[in-house]
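Dear colleague,

Please find below the structure that I am handing over to you. My findings follow directly after it.

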Amino acid sequence: MSESTAAQRDAPPATADSQGMNYLVSLPRRIVTVYVPLGAFLVVLLFPFYWMIVTTFKPNEELLSREGNPFWVKNPTFAHIRKLLFDTSYPDWLWNTILISVVATFVSIACSVLAAYAIERLRFKGSRYVGMSIFLAYLVPPSILFIPLAQIIYQLQLFDTRLALILTYPTFLIPFCTWLLMGYFKSIPFELEECALIDGASRWQILTKIVLPLAVPGLISAGIFAFTLSWNEFIYALTFVSSSEVKTVPVGVITELVEGDVYHWGALMAGALFGSLPVAVLYSFFVEYYVSGLTGAVKE
Amino acid sequence: MLPAAVLLLVFLTYPLGLGTWLGFTDTKIGRGGEWVGLENYVFLWGDSVTRLALFNTIFYTTIASVIKFALGLWLALLLNKHLPFKAFFRAVVLLPFIVPTALSAIAFWWIYDAQFSILSWGLVKLGLIDRYIDFLGEPWNARLATIAANIWRGVPFVAITLLAGLQTISPSYYEAASLDGASPWQQFRHVTLPLLTPIIAVVMTFSVLFTFTDFQLIYVLTRGGPLNATHLMATLSFQRAIPGGALGEGAAIATAMVPFLLAAILVSYFGLQRRAWQQGGGDK
């Protein structure tokens, strides 16, 4: 009681109950200790993006001059974007990236659902150890695996195809998604499934009609995460693919837009910008799911 | 279960084994190799570039992880205060982490450009330096510049996951502590840190693992140059194996990273266990 009256004097009441004794901190002090550092963090974290956007619309003369204010564009131009879209295979790369990410995501989610359900619910011997090894598998970084995988891809004659990437991306997506979904399945009460079993439902019906609908948030988290991971994947795409038609955006931009000593900064930045936008937009719609996926994967 | 198991076996366990095996052979692209025993490792041990890469990797990982942790924890503490537009801030903060690294690295490349760097421009205008800094052209500049870019990308991850940990700490602990007269620093030291330790351990293990095996950032920014000053184990192994064609040697370099990763995992695992035991055996 006394807490809320004190709070009304010093700070907005909404902050009082959930923030302990923080209402004792005065506003000027808060500005110095909280807002100023936070502002600095935001400026530094966002500056590269701002710079990307500015560079995209700057004509070359402005890019290469040291005069004037570099933080603003005087004569915005679409020349870089036009060059990117019509003089390079950028649209192809974009299409490849979308295709590969979507397919890899769906394959991984489907496999992970089955795997996670089996590990969580079928209670076979050693399911705990399988769970642990799945987690360890997630920790194996791609930079260790790309050489042997390249060898396998050669042997399977998949080199330089989209299928190579579609098949290899799940190696890091499945462990992650499985781990995430295991957490979600654990939270679904076991009694629900028992009821269904008594009513004569098969395992498959339980999975599709009871567990999956309840695990939709988990599925979305895993899906978003898998999609961004495969969109961002670089080293496999760089190693397993060499012709321009099958490259993904990150690899294409790095390997083909950089020609000789003259860097087309405008086009490069435009490429980076359009490669980043889709994930950024998708992410902004599902922030909550993404964050819960991120933090859910780290907990436990 | 079965499809996942098959995919994982074929594309994960098998490559791991194959990778280790390749490390003991002299395989080249397009030609099977023969067992050469430890020859690759002996050669690499005597190879100054590999030693430099090992040093770089450890240097890069240590500095970047420590700074990422410090800044990330700070940012998490800031975000944990009650702020207007909290959700918005959180979403914005995570942006560097979700954007493809290769693409944000290009932005850094441009920011670090020797002739048109915006950083140099700003410093010159402020009168702090009189000529443009060659960020990526000199060994130590390049090392620090890549570390800075790595930190930029890694801080959001650390901050957001630590924030999730902070939010599970009940405010009543802080109330109790401040009623007992604890200063903010004491509250942080004796309430926040102990309760946050498990999640810190996990987050930092992830962060160390991914920094240690970093590839994209270095590949885009410097390709290991100048004079191999920024080569990490991962970029060196790519360099030797794919453009260089020496698959066996590259695989040996990659395999050489595994003990370090295992060590990192074990340290945090046993650290956590000891922690749990202390808490269980303590007065609570």
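How much area is buried between chain B and chain A, and what share of that area do carbon and sulfur atoms give? The buried area is about 8,300 Å², and carbon and sulfur atoms account for 81% of it. Please bear in mind that this is a predicted model, and that every value in this message was computed from it.

The interface

On the side of chain B that touches chain A, helix α1 (residues 2–22) of chain B gives the most, with 13 residues. Sorted by class, that side of chain B comprises 71 nonpolar, 12 polar and five charged residues. The contact as a whole takes 88 residues from chain B and 91 residues from chain A.

Asn232(A) is located in helix α11 (residues 216–232) of chain A. Is Asn232(A) buried or exposed? Its relative accessible area is 11%, so Asn232(A) counts as buried, the limit being under 20%. The side chain of Asn232(A) reaches across to chain B, where the backbone oxygen of Ile98(B) lies at 2.9 Å. Leaving aside residues up to four places away in sequence, Asn232(A) touches Phe97(B), Ile98(B), Val99(B), Pro100(B) and Gln216(B).

Aromatic residues

Over all chains, a search of the whole structure returns 26 aromatic pairs. One of them is formed by Phe59(B) and Trp140(B), with 5.4 Å from centre to centre and 85° between the planes. Why is this pair called edge-to-face? The angle between the planes is 85°, and the term applies to angles over 60 degrees, so the pair of Phe59(B) and Trp140(B) is edge-to-face.

This pair links distant parts of chain B, since its members are 81 residues apart. Phe59(B) belongs to helix α3 (residues 48–80) of chain B, while Trp140(B) belongs to helix α8 (residues 139–167) of chain B. Trp140(B) has a relative accessibility of 45% and therefore counts as partly exposed.

Residues of both chains also come together in one aromatic cluster, which is made up of Phe146(A) and Phe234(A) with Phe215(B), Tyr219(B) and Phe238(B).

Chain A

Chain A has 300 residues, of which 51% count as buried. Its secondary structure consists of 15 helices and two strands. Where contacts in chain A join residues at least 6 apart in sequence, 72% of them are between residues at least 24 apart.

Pro175(A) sits in helix α8 (residues 162–187) of chain A. With a relative accessible area of 0%, Pro175(A) is buried. The C-alpha atom of Pro175(A) is separated by 8.9 Å from that of Leu139(A), and the two residues are 36 residues apart along the chain.

A loop residue in chain B

Where in chain B does Tyr132(B) lie? Tyr132(B) is in the loop between α7 (118–125) and α8 of chain B. Tyr132(B) counts as buried, because its relative accessibility is 16% and the limit is under 20%. Between the C-alpha atoms of Tyr132(B) and Ile118(B), which are 14 residues apart along the chain, the separation is 9.7 Å.

With kind regards

Key:
Residues numbered from 1 in each chain as written. Chains lettered and ligands numbered in written order. Predicted model: local features only at pLDDT ≥ 70, side-chain atom pairs only at ≥ 80, totals over all residues. Heavy atoms only, no water. Contact = heavy atoms within 4.5 Å. Buried area = accessible area lost by both parts, 1.4 Å probe. Helix = DSSP H or I, 4+ residues; strand = E, 2+ residues; numbered from the N terminus. Nonpolar A, V, L, I, M, F, W, Y, C, P; charged D, E, K, R; others polar. Phe/Tyr/Trp six-rings, centres within 6.5 Å; stacked < 30°, edge-to-face > 60°. Buried < 20%, exposed > 50% of the residue type's maximum accessible area, 1.4 Å probe, protein only. Polar contact = N/O pair within 3.5 Å; in protein donor to acceptor, adjacent residues only side chain to side chain.
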